[in-house]
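The sequence and the model come before my notes.

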Amino acid sequence: MIYNIKDFGAKADGMTKATEAIRSAFAKCKEDGGGTVYVPAGKYLTGPAYLEDNTELNLEAGAELIFSDDIDDYKVVTSRWEGVKRDCYESCINAYGKSNISITGRGTLNGNGRKWWDIFLDGENKYPRPKLIAPYECEHVLIQGVFLTNSPSWTINTILCNNVTVDTVSIKNPADSPNTDGIDPESCRNVHISNCHIDVGDDCIAIKAGTEDTAERVSCENITITNCTMCHGHGGVVLGSEMSGDVKYVTISNCVFEGTERGIRLKSRRGRGGVIEDIRVNNIIMNKVHCPFIANLYYNCGPKGEEEFVWDKNPRPVTADTPAYRRLNFSNITCKEASASAGFFYGLAEKYVEDCSFEDVFVSMTGDGIADFPAMAKGVEPCKQKGFFLSNVKGIRFSNFTIKNVDGPAFELENAEEIVFSNCRIEDPVYECEAIVQKNTKDVKILG
């Protein structure tokens with residue numbers, strides 16, 4: 001059955017709130033056992049909406065749902081924000097414990113976020129802002145075809161969901177909009193993200209699994225990301241920093257990153273625990289990123305980030321709260337006009353980043369950019385046109401890895417074990433110097 005929101009009283013004038021009409025359409029759809037709530041062409045102003053079991057929200061080409069920026073329209077509900085269960089404003093589109101839900105079509109969901117961004121930047125928000133789409137503990141979720149814009153905060157945040165597909169979705173949030181991530185699967189299983197274009201004010205895709213303050217630590221696993229373009233934003237694909245429940249079994253392939261500040265970025269710190277493992281990145285083009293590859297376990301942004309146990313570079317006891325990165329594989333990647341650093345791997349003094357490989361990778365540095373931080377950690381300084389820095393690492397293999405236009409050593413190793421370079425090259429260095437600088441290393445092999 002199809003339930004046209006106009007039949008329930010919605011007016012396509014962009015000014016009259018259609019909240020009750022849309023909710024009535026979903027209620028009737030639920031009463032009849034499921035179906036499609038249909039939004040015909042036109043602009044409709046609305047408050048939050050809730051998906052029901054076996055329902056599809058379908059937006060015709062030319063249809064636009066514009067979400068109210070009146071705070072009184074948004075209830076305070078229990079959800080997650082930055083990995084922790086807490087009181088939050090309800091999202092624009094919500095679903096709690098539902099199954100077989102869909103958002104489809106060629107229309108637009110407009111989060112109308114400017115007022116929310118201003119309130120946040122002025123420090124006046126009482127609770128975390130709404131997300132645009134936030135299914136919670138749902139099964140069989142499909143988001144397909146729609147254009148998403150001006151999200152109040154994260155755009156798509158699936159939480160504790162299973163079997164999620166996001167396909168042919170375009171997301172556009174202004175570059176200066178705070179924390180407007182594109183797609184953030186959080187403690188989810190079996191997530192498929194494909195054929196999307198994402199241009200946002202924070203991370204394009206961020207895979208999360210809760211923080212140390214999350215009572216139930218649930219992994220985010222079995223994630224595929226393919227055939228996507230990411231523009232601007234702080235990171236192309238980011239894992240963490242909320243990863244206390246583990247992030248594993250992730251493939252990222254056939255993607256283009258254009259002007260993202262960082263490319264593939266892993267970030268966490270002591271106290272969070274969790275493991276990021278079995279990550280494969282293949283067939284990627286990056287252009288004009290600050291730093292293409294980051295694995296940082298001294299990430300110091302957010303709550304507790306400035307405490308000594310986070311930034312202390314001396315070894316500390318390994319406990320359940322010690323995070324770990326291992327088995328990260330990168331292959332068939334081209335990075336052009338990288339500005340800060342070719343790469344930055346910064347393991348913990350007591351827990352090295354382990355068992356990683358780079359194969360058939362080309363990184364060309366540019367001198368035209370400004371100096372910037374390759375990663376966020378206390379003591380890390382802005383840099384420009386530098387090579388690949390690796391500290392507290394073990395079992396790293398570089399094969400057919402080329403660095404071009406580097407200003408200084410191509411590789412800087414510190415506290416490194418079992419490092420292998422095979423058929424690696426330096427092209428057009430700014431000046432001739434030692435290609436590999438080593439400090440406190442052992443079992444470093446250079447082949448070919």
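**Entry 1: the model**

I noted before anything else that this is a predicted model.

**Entry 2: strand β6**

I began with strand β6, residues 55–59. Is β6 largely enclosed or open? I found that 4 of its 5 residues are buried, so the strand is largely enclosed by the rest of the structure.

I then looked up the pairing of β6. Strand β3, residues 35–39, runs parallel to β6, and the two share 5 bridges. β6 also pairs with β11 in the parallel sense, over 4 bridges.

I followed N58 of β6 through both pairings. N58 is the bridge partner of Y38, and in β11 the partner of N58 is T104.

**Entry 3: backbone details**

I stayed with β11 for the next item. This strand covers residues 99–105 and contains N100. The phi of N100 is positive, near 60 degrees, and N100 is not a glycine. With 40% relative accessibility, N100 counts as partly exposed.

I found another positive phi at S187, near 50 degrees, again in a residue other than glycine. S187 is in the loop between β19 (183–186) and β20 (189–194). Is S187 buried or exposed? I read a relative accessible area of 3%; the cut-off for buried is under 20%, so S187 is buried.

I also looked up a cis peptide bond. The bond joins G240 and S241, and its omega is about 0 degrees. S241 belongs to the loop that links β25 (235–240) with β26 (247–258).

**Entry 4: E258**

I moved on to β26, the strand that holds E258. E258 has 32% relative accessibility and counts as partly exposed.

Which residues does E258 touch, leaving out those up to four places away in sequence? I listed M230, C231, H232, N287 and K288. With N287 there is a polar contact between the side chains, at 3.1 Å.

D199 is 59 residues from E258 in sequence, and their C-alpha atoms are 9.4 Å apart.

**Entry 5: H290**

I looked at H290 next, in the loop between β28 (275–287) and β29 (291–296). Which side chain makes a polar contact of 2.8 Å with that of H290? I found that it is the side chain of D372.

I also wrote down the contacts of H290, again without residues up to four places away in sequence. They are T260, E261, A338, S339, A340, S341 and D372.

**Entry 6: the largest pocket**

I turned to the spaces in the model. The largest pocket has a volume of about 700 Å³. It is lined by 37 residues, and those closest to its centre are E82, N179, E242, Y299 and G302. β27 has the largest share, with 3 residues.

I sorted the lining by class and got 11 nonpolar, 8 polar and 18 charged residues.

**Entry 7: the second largest pocket**

I read a volume of about 260 Å³ for the second largest pocket. Among its 14 lining residues, S341, C383, K386, F389 and E412 are the closest to the centre. S341 is also on the contact list of H290.

Which elements supply at least two residues each to this lining? I found β31 (341–346) and β33 (386–404). The largest share, 4 residues, comes from β33. By class, I noted 7 nonpolar, 3 polar and 4 charged residues.

**Entry 8: the cavity**

How many cavities of 30 Å³ or more does the structure hold? I found 1. The space in the largest cavity is about 60 Å³. The elements giving two or more residues to its lining are β8 (76–81), β9 (84–89) and β10 (93–96).

Technical notes
Residues are numbered from 1 along each chain as its sequence is written. This is a predicted model: local features need pLDDT of at least 70, side-chain atom pairs count only at pLDDT 80 or more; totals for chains, interfaces and linings use all residues. Side-chain values use heavy atoms; hydrogens and water are left out. On a 1 Å grid over the protein atoms alone, a cavity is a set of points where a 1.4 Å probe fits but cannot get out, and a pocket is an open set with protein on both sides within 12 Å along at least five of seven lines; lining residues have an atom within 4 Å of a point. Grid points are joined across faces, edges and corners, and a volume is the space filled by probe spheres set on the points. Buried means under 20% relative accessible area, exposed over 50%, partly exposed in between (1.4 Å probe, protein chains only). Two strands pair if DSSP finds at least two bridges between them. A polar contact is a pair of N or O atoms within 3.5 Å; within protein, one must be able to donate a hydrogen and the other to accept it, and residues adjacent in sequence count only if both atoms are side-chain atoms. Contact means heavy atoms within 4.5 Å. Ala, Val, Leu, Ile, Met, Phe, Trp, Tyr, Cys and Pro count as nonpolar, Asp, Glu, Lys and Arg as charged, and the others, Gly among them, as polar.
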